[in-house]
Amino acid sequence: MKQFLNFLKSKTFFIQLGLAVVAVVVLVLIALQWLKSTTNHGEFVEVPDFSKMSVSDMRKAVEDAGLRYQVLDSSEYNPDYPRFSILEQNPHAGSKVKANRKIYFTVNPSGYKKVSVPDIIQVTQRNAASMLRAVGLEVERVTYIDELGKDMVYNMKHKGKYVKPGDKLPKTSKVELICGNGTIPGSARVQAESEE
């Protein structure tokens, strides 16, 4: 044990210890320089603003910026953006990222998703309007015909064409309701009078 303690106090031990420290410092510096060069330390790319860009324009801009991309579909149509344009991006515009970083894009679909027309035949106009709003449709106007049920829905039209319950229309479509005005139709009145 005494010999070991004497070795720890010797000149040889301090020379060996100094050489080991120098070797470790040199290895750490070499490793840091290698990491700096392979990870492009301190080199960043500013993410451009891709909002409202078409997908083809976005692809070119991403490649020009030295980045990669992944397109994510969106189920919600936004009428303020062109069809098939960029709605959102992650990371956001102005962020600083490494070259070759992947940017995630949400793309505006071609239009609103389609919804089923609810069964509002023989339902009051007020209830029919509520049922249509609940699925994302709107009442454009109400037309009245001679039918006994006042404000009762007898038919529906979309862009001048009759639609029936279960038909699919794009969300936010406007529907015309054809309701009764509370008077007996002329043909029923004539038939009732002829039976007397």
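Which residue in S5 is the bridge partner of Gln70? The views below are of a predicted model, and the first of them gives the answer.

**View 1. Pairing of strands S2 and S5.** Tyr104 is the bridge partner of Gln70 in S5. Strand S5 covers residues 102-107 and runs parallel to S2, the two being joined over 6 bridges. Strands of a sheet pair through backbone hydrogen bonds, in either the parallel or the antiparallel sense.

**View 2. The open sheet S2-S5-S3.** This sheet has 3 strands, ordered S2-S5-S3, with mixed pairing. Its edges are strand S2 (68-73) and strand S3 (86-90), each of which pairs on one side only. From one strand to the next, the twist averages 25 degrees.

**View 3. Helix H3 on the sheet.** Helix H3, residues 55-64, packs on the sheet and touches S2, S3 and S5. The direction of H3 makes about 155 degrees with that of S2.

**View 4. The largest nonpolar core.** This core contains 14 residues. Ile120, Ala128, Leu137, Val153, Met156, Leu169 and Leu177 are those with the most contacts inside it. At least two residues of the core come from each of helix H4 (125-135), strand S8 (153-158) and strand S11 (174-180). S11 gives the most, with 3 residues.

**View 5. Surroundings of Met156.** Neighbours within four places in sequence are left aside here. Among the residues in contact with Met156 are Val117, Pro118, Ile120 and Ile121, together with Lys161, Tyr162, Val163, Lys164 and Pro165. Val175, Glu176 and Leu177 are also in contact with Met156.

Definitions and conventions. Residues numbered from 1 in each chain as written. Predicted model: local features only at pLDDT ≥ 70, side-chain atom pairs only at ≥ 80, totals over all residues. Heavy atoms only, no water. Core = buried A, V, L, I, M, F, W, Y, C linked by side-chain atoms within 4.5 Å. Buried < 20%, exposed > 50% of the residue type's maximum accessible area, 1.4 Å probe, protein only. Helix = DSSP H or I, 4+ residues; strand = E, 2+ residues; numbered from the N terminus. Contact = heavy atoms within 4.5 Å. Pairing = 2+ DSSP bridges. Axes fitted to C-alpha atoms, helices over the stretch in contact; angles between N-to-C directions.
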